[in-house]
Amino acid sequence: MKTIRASCAVFLACLLMVHMGYPQQRKAGLTGAAFLKIGVGARAVGLGSAVTALPNDVNQMFWNPAGIALKEERLQAAFTYNRWIADIKLYCSAVSYKCGGVGTIGVGVVTLGLSDIPADRDIPIDPSLVQFQIEDRTTLVYDYRDIAVQVSFARYVLDKLSLGATLKLVSQSIDGQSAKAVAVDFGSVYHIGTMDWTIAARFNNLGSDLKYYDIAFALPLSFSIGTSITPWREGDNKLMLAADAIKPQDGPQYLFAGGELSILNIFALRGGYKFNYSGSDDGGTSTRKPFDNTIEGFSGGGGISTTMEGYSVRVDYSFTKMNLLDNVHRVSVQIGLK
């Protein structure tokens with residue numbers, strides 16, 4: 001009976017998210033804090049970001065907080081280096097700890113930015129316009145920095161159902177000006193059992209606006225449902241497939257899919273693709289033809305892991321093909337303690 005109730009709860013949550021997501025129209029540029037859309041974790045990105053239904057992973061606090069709930073381990077820690085576009089570096093660290101029967105708590109930080117950017121100051125020539133000048137800085141260069149600090153909590157409310165939530169503080173600063181916002185994520189993961197079949201739902205970045213001067217930008221709210229399954233397993237070898245349906249506030253419906261081949265529980269090969277994401281166009285106008293307005297393409301990668309008595313270590317790498325800009329490389333290191 002509990003299993004039936006849990007399945008119904010997750011199913012209704014999925015329907016609610018889809019219902020809330022579909023009426024939205026494409027509104028590119030509507031939201032701020034775009035760095036929150038950048039995928040965290042080499043394994044997750046190598047799977048084409050189809051990660052909503054992946055459990056027991058500390059990096060899930062940046063995707064589906066219900067996925068950080070631990071069963072066999074008591075602590076996980078991870079660090080990700082992401083060589084993003086235009087020489088921008090993204091760094092991410094996360095730690096989760098199982099607090100007995102209470103649940104799993106996690107803390108994470110994401111930061112990226114650039115320094116010493118040449119400044120092109122817009123100084124009024126007409127003295128009568130000086131009173132309207134907002135900018136008062138005179139340096140020849142400027143910096144910008146994006147930071148998100150978050151605390152996550154998840155627990156198994158039933159043997160097969162975990163629920164989770166994240167509270168995050170988002171900050172963006174550029175050339176001495178800054179804006180802050182507070183947001184929450186919610187998620188659920190339900191393990192059906194057959195062939196490790198799992199279904200999940202989440203929504204991210206529900207919170208206040210980022211406001212610069214008198215202009216406010218909403219955070220990149222998104223709704224997702226996902227599933228993962230292991231259709232083949234033989235000894236220590238297995239194949240896992242995953243898929244996500246995602247509806248962002250400022251974009252159309254996306255479908256992400258990926259797969260992971262695990263060999264001897266040591267080596268892993270991954271690949272994924274974002275359908276209706278890469279290669280789509282903006283529809284054009286009466287005066288111009290449509291043009292490509294997305295950049296991400298195929299993602300792939302792999303990893304190697306080892307398990308010793310009392311702890312485990314995993315190193316992952318992913319590569320993302322970009323249609324318009326430099327390709328992206330990510331490296332993650334993850335440690336688990338039993």
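Tutor: The largest pocket has 45 residues in its lining, and R43, P55, N56, K238 and R314 lie nearest its centre. Here a pocket is an open set of points on a 1 Å grid over the protein atoms alone, where a 1.4 Å probe fits, with protein on both sides within 12 Å along at least five of seven lines; lining residues have an atom within 4 Å of a point. The elements that give two or more residues to this lining are β10 (222-234), β11 (237-248), β12 (254-263), β13 (267-275), β14 (296-308), β15 (311-322) and β16 (328-337). Of these, β14 gives the most, with 5 residues. Strands (E, at least two residues) and helices (H or I, at least four) are DSSP runs, numbered from the N terminus.

This is a predicted model: local features need pLDDT of at least 70, side-chain atom pairs count only at pLDDT 80 or more, and totals for chains, interfaces and linings use all residues. Residues are numbered from 1 along each chain as its sequence is written, and side-chain values use heavy atoms, with hydrogens and water left out.

Back to the pocket. Its space is about 1,400 Å³. A volume is the space filled by probe spheres set on the points, and grid points are joined across faces, edges and corners. The lining divides into 12 nonpolar, 18 polar and 15 charged residues. Ala, Val, Leu, Ile, Met, Phe, Trp, Tyr, Cys and Pro count as nonpolar, Asp, Glu, Lys and Arg as charged, and the others, Gly among them, as polar.

Now look for a cavity. A cavity is a set of points where the probe fits but cannot get out. The whole structure has 1 cavity of 30 Å³ or more. The largest cavity has a volume of about 100 Å³. Its lining has 14 residues, with R43, A44, D57, N59 and R314 nearest the centre. Two or more lining residues come from each of α2 (42-46), β15 and β16. The largest share, 3 residues, comes from α2. By class, the cavity lining has 5 nonpolar, 5 polar and 4 charged residues.

Next, the packing. The largest nonpolar core has 43 residues, and F35, F62, W84, V110 and L112 touch the most other members. Such a core is a set of buried Ala, Val, Leu, Ile, Met, Phe, Trp, Tyr and Cys residues joined through side-chain atoms within 4.5 Å. Strand β4 gives the most to this core, with 4 residues. F35 has contacts (heavy atoms within 4.5 Å) that include V110, L112 and I147.

S96 is in strand β2 (residues 89-98). S96 counts as buried because its relative accessibility is 0%; buried means under 20% relative accessible area, exposed over 50%, and partly exposed in between (1.4 Å probe, protein chains only). Beyond its neighbours within four places in sequence, S96 is in contact with residues including V58, L70 and T104. A216 sits in strand β9 (residues 215-217). A216 is partly exposed, with a relative accessible area of 42%. A216 and G32 are 184 residues apart in sequence, yet 8.5 Å apart in space, C-alpha to C-alpha.

Finally, the whole chain. There are 2 helices and 16 strands. Of the 338 residues, 43% count as buried.
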